[in-house]
Amino acid sequence: MAYTKIHAIKATVDKAIDYICNPEKTDEKMFVSSYACSPETATYDFKYTLDHCRENSPNKAYHLIQAFAPGEVGFEEAHRIGKELADKLLEGKYSYVVTTHIDKEHVHDHIIFCAADNIEHNKYHDCKQSYYHIRKPSNELCKEHNLSVIIPGARRGRKYKEWQSDQNGSAWKTQIRKGINLCIKSASTYDEFLLLMRAKGYEIKGETFEKGAAKYISFRPLDKERFVRGSTKSLGKEYTKERIRECIERKRERKAVIPKRDYSARRLIDTSDEKFQNSPGLQRWTAIENLKIAAQSYNEVGSLAELEHKIAVKTEAGKSAKQSVVELEHRIKDLAEIIEYAQQYKDNRSYHISYKKAKNPDAYFRRYESQIILYGGARRMLEQAGINLNGLNVDKLNAEYQELMKQKSELTSTYKDCEKEVRELNRKLENLNQYLGKDMPTTQDTKNRQQSL
């Protein structure tokens, strides 16, 4: 595991950044990266954000160090872990510079991040709980990079400009149909179908059938701005809410024709053991206790087949929701960076215009150096991201950010609820399998089922 420590910077942010970016320590700045700022102008970027902060804390930045055991990790991998730690810890809200020092026997990362976030301009609060919040993702990353044990990684999402584009066309409607078909196949009820679709990241409206409800069900994927109706004109006659519910009910009726096996006579404990042979009372007591456990599980789930189906549905829903959260996290991070640069561009543009018109440009630049530098850097980053500066709307970007955060919160709640329910259903399945005398899954099988989320 890597060793981590953190301390606040109250005064010399520029000197701290110069130190961690030292070319002699970073292989001529090969191992220097940043987010929502550049290493050369990070001091200005931090000051801009701090000037908008409402709190009076003296902390201007935080310096986090992540050190690895000698010979444990290479330079490139250590730098990659440092960037991943910064992204996990700061969630795309704080500007940061991360460097990897290779001049010591033990490779170590330095992360300096602004004490205020770029979205709401709130201060980062360093306390005992926040240290555990740092140590946990650091340990997880070490395991993920096979420094201890491997944990499942995450697939990178698209850049903001990529998912913002491609709003029109029919290709994404094909994806919606494919998603609907998969969820119909997995669901045993209409409500399960809605759960699976939402877990895949779809926003749904008009799904109910009561009086006054919308005529059509509508679906909106994570990366689209508008809904698509489940109508004959939009998706096809097989994708109305009536046809979807009919398909699921017809599938369930076909399954109901298959006779269910009677398990009621099976027992959990083998009473052929000597102590049971000599004690009819113990035999009766054991049978009653096992019956209580099995009956309770059976009454709640209906049958083994239904229970196993529920486990499969909830597992799939949890995996889909978790994957959607990962994709949203990357989109949120990219959008937060764009918002930071958009706000800097908007606030400092007047200084750039005045600088161009100034009779004495040198004197004007000396007076407003930070504003002019921030404007130039923000403009360059927005242009690289493919943002149209003429139609730049910071309020709209902030609204998109809040909507993505809302979706992330809902999907996080969904996959956590699914994880909890899968654990409970697995426990019921084990109870029934024991009572019915079926082969029990191994401990590793149970773990694999639970970790598949």
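**Reading the features**

Modeller: Let us begin with Glu-24, which is located in the loop between α1 (13–20) and β2 (32–35). Helices (H or I, at least four residues) and strands (E, at least two) are DSSP runs, numbered from the N terminus. The model is predicted, so local features need pLDDT of at least 70 and side-chain atom pairs pLDDT 80 or more, while totals for chains, interfaces and linings use all residues. Residues are numbered from 1 along each chain as its sequence is written, and side-chain values use heavy atoms, without hydrogens and water.

Biologist: Is Glu-24 buried or exposed?

Modeller: Buried means under 20% relative accessible area, exposed over 50%, and partly exposed in between (1.4 Å probe, protein chains only). With a relative accessible area of 69%, Glu-24 is exposed.

Biologist: Which value of phi does Ala-36 have?

Modeller: Most residues other than glycine have a negative phi. Ala-36 is not a glycine, yet its phi is positive, about 60°. Ala-36 sits in the loop between β2 and α2 (42–51) and, at 0% relative accessibility, counts as buried. Glu-91 also has a positive phi, near 55°. Glu-91 belongs to the loop between α3 (75–90) and β4 (96–101), and its 37% relative accessibility makes it partly exposed.

Biologist: How is a pair of aromatic rings described?

Modeller: One gives the distance of the centres and the angle of the planes. Rings of Phe, Tyr and Trp (its six-membered ring) pair if their centres lie within 6.5 Å; planes under 30 degrees apart are stacked, over 60 edge-to-face, and the rest tilted. By this rule there are 14 aromatic pairs. The ring centres of Tyr-62 and Phe-113 are 5.6 Å apart with planes at 25°, so this pair is stacked. Tyr-62 lies in strand β3 (residues 61–67) and Phe-113 in strand β5 (residues 108–114), so the pair ties together parts 51 residues apart in sequence. Both Tyr-62 and Phe-113 are buried. Elsewhere, ring pairs join Tyr-351, Tyr-355, Tyr-364, Phe-365 and Tyr-368 into a cluster.

Biologist: At what angle do the axes of α11 and α13 cross?

Modeller: Axes are lines fitted to C-alpha atoms, for helices over the stretch in contact (heavy atoms within 4.5 Å), and angles run from 0 to 180 degrees between N-to-C directions. Helix α11 (residues 304–357) and helix α13 (residues 369–384) have axes that come within 7 Å and cross at roughly 130°. The contact is made by residues including Tyr-351 and Tyr-355 of α11 and Tyr-375 of α13.
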